[in-house]
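I set down each item as I looked it up.

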Amino acid sequence: HPKRSGPELLCQLRDTVSIVTLTPDMEPFARFPWATQLPARPLSMEVGPFKTCAVVSSAGSMKNSGLGREIDAHDAVVRFNAAPTTGFEKDVGSKTTIRLINSQVMASEDHRFLSSSLYSTGILVGWDPAPYSSDLSEWYNKTDYPIFQQYQRYRRLHPQQPFYILHPRVEWQLWNRIQENMAEPIQKNPPSSGLLGTVLMMSLCEVVHVYEFLPSRRKTELCHYYQRFIDAACTLGAYHPLLYEKNLVKRMNQGLNRDIYTHGRVTLPGYSTFNC
Ligand code: NCC
């Protein structure tokens, strides 16, 4: 139903997308000795609730935003993949509560996931683009990147840092919501880390501010605020259904359009704050 209103979309999202992380009791993991490395309890029971949360996209338009102070004033801040704060504090802040990382980052040599201090602050949440509607065993044998191998290595090196893995069901529940609210068929790839992180925070926070997911007047073809790489597909999407994700977020925004234009800021209500 492409014409669903903002409040209807919010209710639908809350009713049908639940944030679940892997725990040691889940099959097939329960059968593996390393399952004890997984957090004993799901993220939702260990983290939050928070009053205010900031989701910081990695878009090039974060550059020269001067949003750092505003972002750090939130109770929790989410960042993505290899996005740094050091050297960019003025624009993106320095607080990192949760870092959501895709399995490509976890596995690629370039990102030095196991050794770089970039990943050592905050709670890590890893995810992997799983086959559509696959169950955990199917996914385990067919991950996009070797997420479990890297997870085990990282946990051995940094046993004190909380590190969760998102249940792949979350990706596809969210993908289904995007598809059924669009008038045309969308590519069957999971949503971007940005939308996953946004929904994760809606489940943990009373108010969620998302920065530069919907581009401000600073909109640029610069892919990331931290790299000199130009590609408009970073903002519009290629693999991820990013344009459709943004359409959905625009419809759910409860802030002013002016805030998007000036600050790249969207305001979304937390799951605990609205009635359906
Ligand atoms: O680029 P990426 O995303 O790490 O960005 C994090 C989230 O910020 C939002 N974004 C980013 C750039 C931009 N110009 N506009 C935006 O709106 C998106 O919501 C994005 O999800 C990912 O989603 O995990 C992604 O990861 C990268 C890449 O794997 C990592 O950056 C590590 O290098 C993907 N790029 C490639 O595979 C080449 C990207 O497609 C998605």
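Is phenylalanine 163 buried or exposed? I read a relative accessibility of 1% for phenylalanine 163 in this predicted model. Buried requires a value under 20%, so phenylalanine 163 counts as buried.

Entry 1: the ring partner of phenylalanine 163.
I looked up phenylalanine 113 next and found that it counts as buried, because its relative accessibility is 1%. I counted 20 aromatic pairs in the structure. In one of them, the ring centres of phenylalanine 113 and phenylalanine 163 lie 6.1 Å apart with the planes at 70 degrees, so I recorded this pair as edge-to-face. The pair joins distant parts of the chain, its two residues being 50 residues apart. I placed phenylalanine 113 in the loop between helix 5 (103-107) and strand 4 (123-127), and phenylalanine 163 in strand 5 (residues 163-165).

Entry 2: further rings.
I then took phenylalanine 29 and tryptophan 34, both of which are buried. Their ring centres are 5.8 Å apart and their planes stand at 70 degrees, so this pair is edge-to-face. I traced the ring pairs onward and found a cluster that links Phe29, Phe32, Trp34, Phe113, Tyr119, Trp139, Tyr140, Phe148, Tyr151, Tyr154 and Phe163.

Entry 3: charges over rings.
I looked for charged ends above aromatic rings. The charged end of lysine 188 sits over the ring of tyrosine 132, at 4.2 Å from the ring centre. I noted a further case in lysine 246, whose charged end sits over the ring of phenylalanine 213, 5.0 Å from its centre.

Entry 4: strand 6 and its partners.
Strand 6 pairs with strand 1 (residues 50-56) in the parallel sense over six bridges, and histidine 209 in strand 6 is the bridge partner of alanine 54. With strand 7 (residues 265-269), strand 6 pairs in the antiparallel sense over five bridges. Here I noted valine 210 opposite valine 266 of strand 7.

Entry 5: the largest pocket.
I read a volume of about 1000 Å³ for the largest pocket. Of the 35 residues in its lining, those closest to the centre are Asn81, Asn102, His224, Cys234 and His240. I recorded helix 5, helix 9 (193-202), helix 10 (233-236) and helix 11 (242-252) as the elements that give two or more residues to this lining. The lining of the largest pocket comprises 16 nonpolar, 15 polar and four charged residues.

Entry 6: the second largest pocket.
I read about 160 Å³ for the second largest pocket. Its lining includes Met106, Ala107, Arg112, Phe113, Pro146 and Arg153. I recorded five nonpolar, four polar and three charged residues in the lining of the second largest pocket.

How values were computed
Residues are numbered from 1 along each chain as its sequence is written. This is a predicted model: local features need pLDDT of at least 70, side-chain atom pairs count only at pLDDT 80 or more; totals for chains, interfaces and linings use all residues. Side-chain values use heavy atoms; hydrogens and water are left out. Two strands pair if DSSP finds at least two bridges between them. Helices (H or I, at least four residues) and strands (E, at least two) are DSSP runs, numbered from the N terminus. Rings of Phe, Tyr and Trp (its six-membered ring) pair if their centres lie within 6.5 Å; planes under 30 degrees apart count as stacked, over 60 as edge-to-face and the rest as tilted. Buried means under 20% relative accessible area, exposed over 50%, partly exposed in between (1.4 Å probe, protein chains only). A charge sits over a ring if NZ of Lys or CZ of Arg is within 6 Å of the ring centre and within 35 degrees of the ring normal. On a 1 Å grid over the protein atoms alone, a cavity is a set of points where a 1.4 Å probe fits but cannot get out, and a pocket is an open set with protein on both sides within 12 Å along at least five of seven lines; lining residues have an atom within 4 Å of a point. Grid points are joined across faces, edges and corners, and a volume is the space filled by probe spheres set on the points. Ala, Val, Leu, Ile, Met, Phe, Trp, Tyr, Cys and Pro count as nonpolar, Asp, Glu, Lys and Arg as charged, and the others, Gly among them, as polar.
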